[in-house]
Amino acid sequence: MATAPPPYAPYKIAGQTVLITGASAGIGEACAWRFAAEGCKLVLIARRQERLEALAAGLRQHYNVAVHTVAMDVRDLDAIARLPEELPEEFQEVSILVPNAGLALGVEAVHQLRMEDVRTMLDTNVLSVVAFTRAFTPAMVQRNAGHLIFMSSIAGVEAYAGGAGYCPSKHAAEAFAVAARHDFVGTNIRCTSIQPGAVKTEFSMVRYKGDEAKADAVYQGIHPLLAQDIADNVLYAATRPLHVQVASLLVLASHQSSAKGLARVVKQG
Ligand SMILES: NC(=O)c1ccc[n+]([C@@H]2O[C@H](COP(=O)([O-])OP(=O)(O)OC[C@H]3O[C@@H](n4cnc5c(N)ncnc54)[C@H](OP(=O)(O)O)[C@@H]3O)[C@@H](O)[C@H]2O)c1
């Protein structure tokens, strides 16, 4: 009779400091709850301070973890560069970086693109991700440990009509994640890129600039992913044994085959 293998031992991240940008809503907020449940210390970043504080209070109460919030615009690259030294000492050793803040603005075709929106997407989705990684990896290299978990998108591996601003920004962020993995190949720093499909968050309200009907239509007739589903993938990557590097995870809704390939349930009558 064969003997059962020993139980698989996930990597324990309790006590580690996790920095999450875009923690005031959606995927970032869901990640904060999951990392708190694992006993991690948290640095939470977004612009909406009251949301961050309410979240921090909930996390402290439910999981008794240390949480530090930073209300900032992640397009401020100088502020990002200063951040590692400005964090309170107990939060300075960031082990897991989740530069998740990001957005899509508009669905205009190429000839109608609003350049201001394109700039906002590139600044938020690309430059801020590069700046956070640049700011927090020197210490990871020194400690020879750390995990970068990038929030890419299916729009980082595929381009679609109406995505001429967003898709290039996510492709650039995806390329950055791959380049980082090459740069750190000789170290114990792991690089993961999560590529979600359609997730129901505030994302579409932001994309359609508050037009609720258009935002709702995105999810009509489908069973979209939820923020918690993506947080689960982030936690999966973070808790694999140290010899395992989840390089990328493309996660779609069950009735989704591509960015726009969504089977919608057509109501009869
Ligand atoms: N939802 C989807 O279908 C989907 C699919 C694939 C990938 N993604 C990616 O997942 C990530 C999270 O999106 P989500 O779906 O969770 O959207 P969301 O619910 O709109 O959350 C976006 C988060 O990013 C923050 N943020 C945006 N611009 C910021 C800025 N300039 N400075 C600081 N924080 C900023 C927002 O906080 P404040 O407004 O408080 O600053 C918010 O916390 C994004 O990178 C997005 O591209 C989403």
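Trainee: Is F136 buried or exposed?

Mentor: Burial is judged by relative accessible area: under 20% is buried, over 50% exposed, and anything in between partly exposed, with a 1.4 Å probe and protein chains only. F136 has a relative accessible area of 3% and is therefore buried. F132 is buried as well, at 0%. Please note that this is a predicted model, in which local features need pLDDT of at least 70 and side-chain atom pairs count only at pLDDT 80 or more, while totals for chains, interfaces and linings use all residues. Residues are numbered from 1 along each chain as its sequence is written, and side-chain values use heavy atoms, with hydrogens and water left out.

Trainee: How far apart are F132 and F136 in helix α4?

Mentor: Helices are DSSP runs of H or I with at least four residues, strands are runs of E with at least two, and both are numbered from the N terminus. F132 and F136 are four residues apart in helix α4, so about one helical turn separates them.

Trainee: How many aromatic pairs are there?

Mentor: A pair of aromatic rings is described by the distance of the centres and the angle of the planes. Rings of Phe, Tyr and Trp (its six-membered ring) pair if their centres lie within 6.5 Å; planes under 30 degrees apart are stacked, over 60 edge-to-face, and the rest tilted. That rule gives four aromatic pairs. For F132 and F136, the ring centres are 6.4 Å apart and the planes stand at 10 degrees, so this pair is stacked.

Trainee: How are the rings of F150 and F176 arranged?

Mentor: Their centres are 5.9 Å apart and their planes at 80 degrees, so the pair is edge-to-face. It links distant parts of the chain, 26 residues apart, with F150 in strand β5 and F176 in helix α5 (residues 166-183). F150 counts as buried at 3% relative accessibility, whereas F176, at 23%, counts as partly exposed.

Trainee: Which residues of the largest nonpolar core touch the most other members?

Mentor: In soluble globular proteins, nonpolar side chains tend to be buried together. A nonpolar core is a set of buried Ala, Val, Leu, Ile, Met, Phe, Trp, Tyr and Cys residues joined through side-chain atoms within 4.5 Å. The largest one has 35 residues, and I20, F35, L42, L44 and L59 touch the most other members. Elements that each supply at least two residues of this core include β1 (17-21), α1 (26-37) and β2 (41-46). Apart from it lies another core of 27 residues, F132 among them.

Trainee: How many disulfides are there?

Mentor: A disulfide is a covalent bond between the sulfur atoms of two cysteines. The criterion is a pair of cysteine sulfur atoms within 2.5 Å, and the count by this rule is zero. C40 is in no disulfide, as the nearest cysteine sulfur, that of C31, is 11 Å away. C40 counts as buried at 0% relative accessibility, and C167 is buried with a relative accessible area of 2%.
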